[in-house]
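This report looks at how the parts of a protein model touch each other. Please view the sequence and structure below before reading on.

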Number of protein chains: 2
Amino acid sequence: MIALKSLTIALDVMGGDKGPLITIPAAVLAVKNIPELHLILCGDVNIINAELSKHQCAQHPQLTIFPTTEIVAMDDKPIVALRNKKNSSMRKSLDLVHENKAQACVSAGNTGALFSMAHFVLKTLVGVERPALISSLPTHDENKHVFMLDLGANVFCDSNVLYQFAVMGSVMAEQVDGIKSPRIALLNMGEEEMKGSDHIKQTAAKLAQNSDINYIGFVEGNDIFTNKADVIVCDGFVGNVALKTCEGVARLVYQKMNTVLSRNLFTRIVGRLLSSTLKKLFKPLNPDQYNGASLIGLRGIVVKSHGDASSKAFYMAILEAIKEIERQVPEKIKDKLENGFACGRK
Amino acid sequence: MIALKSLTIALDVMGGDKGPLITIPAAVLAVKNIPELHLILCGDVNIINAELSKHQCAQHPQLTIFPTTEIVAMDDKPIVALRNKKNSSMRKSLDLVHENKAQACVSAGNTGALFSMAHFVLKTLVGVERPALISSLPTHDENKHVFMLDLGANVFCDSNVLYQFAVMGSVMAEQVDGIKSPRIALLNMGEEEMKGSDHIKQTAAKLAQNSDINYIGFVEGNDIFTNKADVIVCDGFVGNVALKTCEGVARLVYQKMNTVLSRNLFTRIVGRLLSSTLKKLFKPLNPDQYNGASLIGLRGIVVKSHGDASSKAFYMAILEAIKEIERQVPEKIKDKLENGFACGRK
């Protein structure tokens, strides 16, 4: 996968709510900032050329167009997209990773379809039953964030799958953040051993048995942000609700904050002065900044950007992909699974 | 249940992390503010008397002590507490409701134990399989909140149970908030019909068939606060994680806000001036203020206060109990279930 000397990433240009309107400006920004980066733009050649011309990049040496004729709609059923959209921008960008013509793929498209296609095209690593969506969230400690998975790739996960997520999350924290023996926790509705569903208790038992994993026990939703753990593991339904709730609360507080700061002349002046600081404060809780979620457990790197991502957000997702290429995350997960981590069903 | 002319509530004085240290001051505050209120204090008679003396209320006419010898610990297994702690303050305060000697019970104790005991002692209303924990959360609209259930009473809920939660939530919003035809939504990992688990899709189908319920579809975590729905329904695991995540984010933002406001002389002055406004802003997202969760679906009123509730929070829970007594919530749910709401298994 890392055969290529240069840094090459395939972009699903047509994916996301706004497609090329946000993916092309992000691509242009990326190649301008990173000289060694080469991007393969998968999508409608006419639309891409029109957008590139707007940015005076019609003939940019770091950009190659890979023409595709189909688009995976945001409401396409995954199975339908998988079967019928083999020439879509999403599918082709994944094919390019599979064929070692790109080291990673970035898409802001239909999550379910991307998940199914990536799973089918790239296949999972040996010992991994299901890939997972992983991303990082801020904590009370300015300099530390917490990795959380699964954020919505799998509706339900049994104890073997959750165990494998813990292993993958551990590698992510170790490789991407350089944390030695990352603290792994399971998200639960209580910290006491007796709490939660049977499959969570079974996962806890499996993790406790494995001395290679620094399992610290259960954490509750309010502990996601207290830097108690480096990696928090849960099924995709719970993870998705937690992530979206986090975004929702941040938006609520930001809106109420602005209402407070627009009350009178004094507060308006204060608001002006605090404006940039407040934006900076809320950004990490805003999908726009923190939305580069990675699909891990596959034989290739796939970064999922938010459906309503801005150009900046999509650019952040490209940077995330570069980081994972440099740290060789899939290879490191593979090594971990082969050395001492028995993740298969017993 | 509403046989008594006066307003009588039984308190589990020993429940919660701090027990009498927070429940007694709350009880004293309540009877001082509400002349018609009578409280039955269930717990250790010596400790209660000692605490009451501290507040010069040793002989208060609105307070009666019901001596109990056992305490349900916060880590007692529900089944053990149910079997072996028949003379606990928690159990006795529920017995008093069952015997019509009190119209409601308030406890800050072990949620699982309270749930099991309340279920066993009070029994569920006809047509209700499982009671649910319900509470309200703030929205972007200053004057509106959203009811959410289940917040942790049930780990897993099938489609019949979720359907019944929707009916109970609808009654709660109608009776307590006076909303005509409340908007009912199911919490899911996406708004599209195909999203989510089978039991969520089955619940959606059942709700869509019932013209007596104003079912508006799926909402995601970030929509909890956007006033899209009056009632949001989910299983106890997901609801608990969402609620705790909400608290966690609020604490995170509040802490970061204070860091920002203590940077220099100017920000410190601004911080002082905004201090009360900020506290007011974060309060609704703070369990201390919003933690009076009710256990509904039972033949009696049970209000659960946060385990680490402050006196003020426990006082708020007492006020919530009074509101439900006045609005006769259990009777209204019973009526609704008997009139046109088929909640049984088909």
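## Area buried between the chains

In this predicted model, chain B and chain A bury about 4700 Å² between them. Carbon and sulfur atoms give 77% of that area. The size of an interface is often given as the accessible area lost when the parts come together.

On the side of chain B, the residues that lose the most area to chain A are His140(B), Met189(B) and Phe237(B). Together these residues account for 14% of what that side buries. In terms of contact, 53 residues of chain B meet 53 residues of chain A.

## Charged and polar pairs between the chains

How many salt bridges are there between chain B and chain A? The count is four. Lys244(A) forms a salt bridge with Glu220(B), and their closest N and O atoms are 2.1 Å apart. Between chain B and chain A there are also eight residue pairs in polar contact, with both residues at pLDDT 80 or more.

## What chain B brings to the contact

Two or more residues of the side of chain B that touches chain A come from each of these elements: helix H8 (236–260) and helix H9 (265–282) of chain B. The largest share comes from H8(B), with 19 residues. By residue type, this side of chain B has 29 nonpolar, 15 polar and nine charged residues.

## Two domains within chain A

The domain assignment divides chain A into domain 1 (1–128 + 297–345) and domain 2 (130–290). The C-alpha centres of domain 1 and domain 2 of chain A are 24 Å apart. Their contact involves 30 residues from domain 1 of chain A and 24 residues from domain 2 of chain A.

The area buried between these two domains of chain A is about 2400 Å². Carbon and sulfur atoms give 62% of it.

## Pairs and elements between the domains

One salt bridge is counted between domain 1 and domain 2 of chain A. Lys336(A) forms a salt bridge with Glu174(A), with the closest N and O atoms 3.3 Å apart. Three residue pairs in polar contact, both residues at pLDDT 80 or more, are also counted between the two domains of chain A.

On the side of domain 1 of chain A that touches domain 2, at least two residues each come from helix H5 (111–122), helix H11 (311–327) and helix H12 (329–338) of chain A. H11(A) gives the largest share, seven residues. This side of domain 1 of chain A consists of twelve nonpolar, nine polar and nine charged residues.

How values were computed:
Residues numbered from 1 in each chain as written. Chains lettered and ligands numbered in written order. Predicted model: local features only at pLDDT ≥ 70, side-chain atom pairs only at ≥ 80, totals over all residues. Heavy atoms only, no water. Domains from an automatic or database assignment. Contact = heavy atoms within 4.5 Å. Buried area = accessible area lost by both parts, 1.4 Å probe. Salt bridge = Lys/Arg side-chain N within 4 Å of Asp/Glu carboxyl O. Polar contact = N/O pair within 3.5 Å; in protein donor to acceptor, adjacent residues only side chain to side chain. Helix = DSSP H or I, 4+ residues; strand = E, 2+ residues; numbered from the N terminus. Nonpolar A, V, L, I, M, F, W, Y, C, P; charged D, E, K, R; others polar.
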